[in-house]
Amino acid sequence: MATVVAPATLADPRASAVECAPLAEQDAPDSASAWYERSLWASHCYDYRARAVRIGSDGVRTLAMSHDIEDGVERERARFLDGPAVAFERQGRLARPGELAQGTTQTTLPGAIVEHLDTLYRLQLASADRIAGRPTVRLDIEPLDVQRYGHRLWLDAATALPLKKMLLDERGRVLETFQITQLHPPRLHRGAVELAPAASSPDVSWRPDWLPEGFVVQPATPHERPRPGASHRIYGDGLSTLSLFVEPLEDRDLLMPGVHRLGVSHAAVLHREMGGRPRQVVAMGELPPRVLRRVVESVVWDAGGDSTGAVSAQANAEAR
């Protein structure tokens with residue numbers, strides 16, 4: 001059986017926090033799924049500083065990264081060291097246990113993610129390597145259909161932190177490589193990581209009639225106030241995500257209909273009449289362009305209908 005790295009409290013929906021210290025007492029994982037689950041927990045429970053390089057269609061860029069846990073809240077920072085001065089910061093808490101396949105609650109707990117991925121991807125252990133001077137375990141994550149991309153991960157053998165990632169297209173060609181080049185000794189957080197309050201997805205007046213198999217609506221907190229009439233939802237399968245936007249068609253920020261490349265991601269844009277007025281529909285994500293195009297073409301206005309973002313079983317069955 002796969003090694004379980006999550007503390008027993010994770011099974012209790014009343015828990016308010018998760019202790020990271022038990023990770024140090026776990027035996028080494030003995031399967032690809034267990035290694036991936038351990039890596040998800042490591043990404044939440046270790047404090048670290050790192051330098052990294054990202055290689056994509058827009059060239060090579062270097063980054064400085066950090067991850068800290070303060071008072072139970074994760075803080076993740078990244079900034080590019082060359083090219084345009086761009087920085088990212090994320091602050092948040094772990095989501096509570098839920099059922100990813102049903103799309104009813106937040107579902108970022110590693111056990112739920114891995115269980116869901118087993119129905120969509122094939123996870124396999126591959127040959128070991130050395131990254132940033134540290135021994136690693138390699139995971140190959142192969143999609144079971146042609147609706148999503150594949151992944152290749154190199155995990156630190158000691159902590160399971162991801163040290164290298166590759167994104168692969170349907171033909172196995174490398175779209176993007178992300179690799180840590182210098183990792184200061186990670187430190188396991190000995191306290192708790194707080195669980196976030198229960199959240200729900202925003203109500204919207206539209207829905208996609210088709211999504212890739214296994215994609216469900218995800219709770220999301222907008223960082224900016226949307227323009228009047230604009231709405232946004234995020235869908236994911238536990239590994240890949242797509243963002244769907246619907247807004248009134250206006251001259252400002254107007255995108256040309258079609259498929260546009262945005263680095264390693266793509267955006268499919270469609271202009272159509274919905275709800276009695278012309279609107280712009282945009283699907284963005286690290287997914288095959290034809291998949292994003294099919295998503296935007298399936299969006300229908302449903303002001304008085306289903307606001308959960310669920311897709312009919314028949315629509316998903318047709319996609320198989």
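**Entry 1: the open sheet**

I started at Val246, which stands opposite Val281 in β19. This is a predicted model, so I noted the ground rules: local features need pLDDT of at least 70, side-chain atom pairs count only at pLDDT 80 or more, and totals for chains, interfaces and linings use all residues. Residues are numbered from 1 along each chain as its sequence is written, and side-chain values use heavy atoms, with hydrogens and water left out.

I then looked up the two strands involved. Strand β16 (residues 241-248) and strand β19 (residues 277-285) pair in the antiparallel sense over seven bridges. For my own reference, strands pair if DSSP finds at least two bridges between them, and helices (H or I, at least four residues) and strands (E, at least two) are DSSP runs, numbered from the N terminus.

Which order do the six strands of the open sheet take? I read β14-β15-β16-β19-β18-β17, with antiparallel pairing. β14 (216-218) and β17 (258-262) stand at the edges with a single partner strand each, so one side of each has no neighbour in the sheet. On average, neighbouring strands here are turned by 30 degrees against each other, direction ignored.

Helix α3 (residues 289-298) packs on this sheet and touches β16, β17, β18 (265-274) and β19. I found its direction at about 20 degrees to that of β18. Axes are lines fitted to C-alpha atoms, for helices over the stretch in contact, and angles run from 0 to 180 degrees between N-to-C directions; contact means heavy atoms within 4.5 Å.

**Entry 2: two hairpins**

I checked β17 and β18, which pair in the antiparallel sense over five bridges. Arg261 has His266 in β18 as its bridge partner. Two residues lie between the strands of this hairpin, and Gly263 in the turn has a positive phi of about 70 degrees.

Next I looked at strand β4 (residues 73-80) and strand β5 (residues 87-92), which run antiparallel and are joined by six bridges. Glu76 has Arg90 in β5 as its bridge partner. This hairpin has six residues between its strands, and Gly83 in the turn has a positive phi of about 70 degrees.

**Entry 3: cores and a histidine**

I looked up the largest nonpolar core and found 44 residues; Tyr36, Cys45 and Ile180 are among those with the most contacts inside it. Helix α1 (residues 32-45) gives the most to this core, with seven residues. A nonpolar core is a set of buried Ala, Val, Leu, Ile, Met, Phe, Trp, Tyr and Cys residues joined through side-chain atoms within 4.5 Å. A second, separate core of 20 residues includes Val246, along with Val204, Trp210 and Leu287.

In α1, 13 of the 14 residues are buried. Buried means under 20% relative accessible area, exposed over 50%, partly exposed in between (1.4 Å probe, protein chains only).

Is His67 buried or exposed? His67 is buried, with a relative accessible area of 0%. His67 is found in strand β3 (residues 59-70), and beyond its neighbours within four places in sequence its contacts include Ser43, His44, Tyr48 and Glu76.

**Entry 4: confidence**

I ended with pLDDT, the predictor's confidence in each residue, from 0 to 100. The protein averages 82, and 78% of the residues score at least 70. Confidence is lowest in helix α4 (residues 313-319), at a mean of 41, and highest in strand β8 (residues 150-156), at 97. I also noted that pLDDT is below 50 over residues 1-12 and over residues 305-320.
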